[in-house]
Amino acid sequence: MAGYFFHLRSTNYGTLRFGGRSLATLASDVRSDHTFRIPLIDFSKYRHANSLSEKRKVADEVVNGFKEVGFVYLGGHGIPSSTVDGVFRKSAEFFRLPSSVKDKLAWVDPRANRGYVKIGRERVTQSSDAAEIAELRNTSPDTKETLEIGRDWDKTWKNYWPQEDDVPGFRQTILSFFQTCHELHTVVMRSIAVGLDLDEMFFEDKINEQYHNLRLLSYPPIKTSLLKKEGQARAGAHSDYGTLTLLFQDNVGGLEVENPHTKHFQPAKPIPGTIVVNSGDLLARWSNDILRSTLHRVVAPPTESTNADGMTRARQSIAFFCNPNGGARISCLPNCHWPGNEAKYAPVTTEEYIVRRLSETYD
């Protein structure tokens, strides 16, 4: 009966409004590429709400965005722009280090998922076929480099940090931001629980171990003509593996989101002061695909981000991949299945799923 109640209530989002637009229009807007949009949500109204009914209004917006698109722009999130700018500065300083220095911090184990990943080593894709992924890596590698960071107090897996003299203040800045993102993710998950008619604290003991991954990304300048080759992208089409991703973009652009209804990719243009938030595979599995894990990619940016020589501008982004606890058992939520809408996925732990996916995509 609980699932049946959610199924009924999920049709009533049209009573809510944000920015003067009825949420009832989102379901119709996304059916066409001409009107497709990623909803913009003022999350401060949830963070500062004085009652559950006030929270529910925002929670319904969040859940509806993930239900129809799989992505939202989150405004009013509470992270100062100065904090984000500081992380971008430290990220840029790191990637300017010589390759000989960065290579000493190389990523080595999918169970750890920590360290430096040079250009071409990872090829994100939805494929799980080793031969196909190897061919993609050879013919159309992702043109990005990354640094992967996990919880710093893990007893088994340690982060790889540059020397303090090489990037002063780097470790302190990144660890502080890791904690900030964890805290925001916790509040967003509370809103999702409310939007799914669960207790607001339902996910609390399933996401409290900070089994997350903070990824700093650098996309160096590249000829636009190369990015327009068949199958080539700065980052190939893929879904994310965990519950949520908090993505902080610079102003260059190039992120595209697949319209899940038409299967055509649409630009997710940077909006200053917002975070792009998308639901990942484990949240989709938890919700029985009520919340979508949508494909996305990074391609050549708009022409204004290309110079006279046909080279794109360098692009930076920061992705905080939010995951449940490593041992959390991800099985269909009690009110996300009902007669005629049975559970689609076998239970799996967070660690099992993520390690498998990472093992498939790295060389």
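In the predicted model, Leu216 is in contact with Val87, Ser91, Phe95, Glu145, Thr146, Leu147, Ile149, Phe170, Ile174, Ser317 and Ile318, leaving aside residues up to four places away in sequence. Leu216 also belongs to the largest nonpolar core, which comprises 64 residues. Together with Phe177, Ile192, Phe203, Leu244, Leu246 and Phe248, Leu216 touches the most other members of that core. Helix H8, spanning residues 170–195, supplies the largest share of the core, with 11 residues.

Three cavities of 30 Å³ or more were counted. The second largest cavity has a volume of about 170 Å³ and is lined by 17 residues. Of these lining residues, Ala112, Asn113, Arg114, Tyr211 and His212 lie nearest the centre of the cavity. Helix H11 (residues 350–361) contributes the most to the lining of the second largest cavity, providing three residues. Divided by class, this lining consists of seven nonpolar, six polar and four charged residues.

Most residues other than glycine have a negative phi. Asp197, although not a glycine, adopts a positive phi of about 65 degrees. Asp197 is situated in the loop between H8 and strand E7 (213–219). With a relative accessibility of 23%, Asp197 is classed as partly exposed, because the buried class requires a value under 20% and the exposed class one over 50%. A positive phi, of about 70 degrees, is likewise found at Asp289, which is not a glycine. Asp289 is placed in the loop between helix H10 (281–286) and strand E13 (296–298). The relative accessible area of Asp289 is 29%, so this residue also counts as partly exposed.

The protein has an average pLDDT of 86, and 81% of the residues score at least 70. Over residues 1–21 the pLDDT stays under 50, and the model has 45 contacts beyond four places in sequence for this segment. Residues 123–128 likewise have a pLDDT below 50; this stretch makes 31 contacts in the model beyond near neighbours in sequence. Where pLDDT is low, predicted coordinates should not be read in detail.

Key
Residues numbered from 1 in each chain as written. Predicted model: local features only at pLDDT ≥ 70, side-chain atom pairs only at ≥ 80, totals over all residues. Heavy atoms only, no water. Core = buried A, V, L, I, M, F, W, Y, C linked by side-chain atoms within 4.5 Å. Buried < 20%, exposed > 50% of the residue type's maximum accessible area, 1.4 Å probe, protein only. Helix = DSSP H or I, 4+ residues; strand = E, 2+ residues; numbered from the N terminus. Contact = heavy atoms within 4.5 Å. 1 Å grid on protein atoms, 1.4 Å probe; cavity = no way out; pocket = protein on both sides within 12 Å on 5 of 7 lines; lining within 4 Å. Points joined across faces, edges and corners; volume = space filled by probe spheres on them. Nonpolar A, V, L, I, M, F, W, Y, C, P; charged D, E, K, R; others polar. pLDDT = per-residue confidence, 0-100.
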